[in-house]
Amino acid sequence: MVRRGIANVLEGIGYYGVQRPQTTAAPFLLVWNFTKQCNLRCRHCYENAGPKPAPDELTTEEAKHAIDEFANAGAVALSFSGGEPLLRKDFFEVAKYAAEKEFYVSVASNGTLITEKVAQKMKEAGVQYVEVSLDGFENTHDEFREIQGAWKRAIEGIKKLHKAGLDTCVATTATHYNLKEIPKLVEFIEKDLHAKRFIVFNFIPVSRGKEMVDQDLTPTEREELLEGLYSKLLDNNCKLDAFSTAPQYAVTSSKFAFGPVVATHFTNKTATEMLKGRTRSLTEFIGGCGAGRLYCSMEPNGDIEPCVFIPIKIGNIREQSLVNIWRNSPVLKQIRNRDLFKGCGKCEYKYICGGCRARAYAYFNDLQGPDPGCSINQKYWEEVKCKGEHA
């Protein structure tokens, strides 16, 4: 796995040259929306998941062929998401196959189906990391997920994962629904659930999330939240690694000369400590938003997309090789050219952060548009607000 990761980076340098930020030879991480089926009805669901699987989902054999294709391309990590991936009857078979192909295998789950037996089966299949969503405390979470009892079952799932010895993360999508609860939620996760990692997801108004676009954080609220998370990394007494998918988190870390550097959310506390004193050059090399550059996603039917939050088909694994899609997609070439970004392209942090491409696309229908999620792009946030008020 380590050798494959190093090879992926070096081959990327060989093919693309040294870049700011760097594009790897193949996606370092693939997030696979394994099924559209889900037992919850989350308000912000980017997949618009429901009670039934899609009719054109990959078969078990096609799924294994896709994993072979990912391995041949040199991808390193594979994350099963959804929908709820545990609802597919062949999940353990396919996850085990991926682990045998030496992928770093992770799972994003709502946690409600994780019993002691399921947690043990995940571990035996080779799953190394599990991310469970909690959007606040019980009332907030159940209202957001639209299923009563979802919070209690998710909590039990997290405890079962911890008992099984699986590396466990709790994920929260930050909106006005839960913003005030997050500080106490972090404390609860660290002291009561004993998870090792907490990650705050950027809210992206895509699919069902469009219906709650008014709940997005202001740039100031987002920056204050990121500073609060970063303070956890600075606190030697805090056992919880606190991260965010917001690329602005890299900017937050760059403002603290002696603190750990957060180059991207595909990292951990050890890596951030190693980056101390090497701030600008390495953070510009790794580069914040990894969509279409370090990572991409795959839909249940094999469609490849730049990011789970960017619903643009750039190919299909049934029809094309991953390498061909990765190297030749005009859409990915757009995403990689930060000098042409509006707003973000003129920012001093464009190579460290680059703005969230999914948010640019969601708000402005432009992959090279501005991310209205930071104070530097305040005028674009005001533009978004104005449009919303007159919609």
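Predicted model: local features only at pLDDT ≥ 70, side-chain atom pairs only at ≥ 80, totals over all residues.
The expected span of a helix is 1.5 Å times one less than its number of residues. Keep that in mind for helix H6, one of the stops below.

**Helix H6**
- Helix H6 covers residues 150-164, and its 15 residues should span 21 Å at 1.5 Å a residue.
- Which residues of H6 are buried? They are Ala150, Trp151, Ala154, Ile155, Gly157, Ile158, Leu161 and Ala164.
- The cover over those buried residues includes H4, E4, helix H5 (138-145), strand E5 (167-173) and helix H7 (182-193).
- Just after H6 comes Gly165, with a positive phi of about 85°.

**Helix H3**
- Helix H3 runs over residues 91-100, and its buried residues include Phe91, Phe92, Val94, Ala95, Tyr97 and Ala98.
- Among the elements covering the buried residues of H3 are strand E1 (29-33), helix H2 (60-73) and strand E2 (77-81). Strand E3 (104-109), helix H4 (116-125) and strand E4 (127-133) are part of that cover too.
- Glu102 follows H3 and has a positive phi, near 70°.

**A nonpolar patch on the surface**
- Val2, Ile6 and Leu10 make up a nonpolar surface patch, and together they have about 310 Å² of accessible area.
- Ile6 sits in helix H1, residues 2-16. With a relative accessible area of 49%, Ile6 is partly exposed, because the exposed label needs over 50%.

**Aromatic pairs**
- How many aromatic pairs does the structure hold? There are 14 aromatic pairs.
- Take Trp32 and Phe34: their ring centres are 5.1 Å apart and their planes meet at 90°, so this pair is edge-to-face.
- Trp32 is buried, at 1% relative accessible area, and Phe34 is buried as well, at 0%.
- Tyr230 and Tyr249 also form an edge-to-face pair, with 6.2 Å from centre to centre and 85° between the planes.
- Tyr230 belongs to helix H8 (residues 219-234) and Tyr249 to helix H9 (residues 248-254), so their pair ties together parts that are 19 residues apart in sequence.
- Are these two tyrosines buried or exposed? Tyr230 counts as buried at 0% relative accessibility, and Tyr249 counts as buried at 1%.
- Ring pairs also join Trp32, Phe34, Phe70, Phe80, Phe91 and Phe92 into a cluster. Two of its members, Phe91 and Phe92, are among the buried residues of H3.

Notes
Residues numbered from 1 in each chain as written. Heavy atoms only, no water. Patch = residues over 30% accessible without salt bridge, like charges linked within 9 Å, V, L, I, M, F, W, Y side chains within 5 Å. Areas by Shrake-Rupley, 256 points an atom, 1.4 Å probe, with all protein chains shown as cover. Salt bridge = Lys/Arg side-chain N within 4 Å of Asp/Glu carboxyl O. Helix = DSSP H or I, 4+ residues; strand = E, 2+ residues; numbered from the N terminus. Buried < 20%, exposed > 50% of the residue type's maximum accessible area, 1.4 Å probe, protein only. Contact = heavy atoms within 4.5 Å. Phe/Tyr/Trp six-rings, centres within 6.5 Å; stacked < 30°, edge-to-face > 60°.
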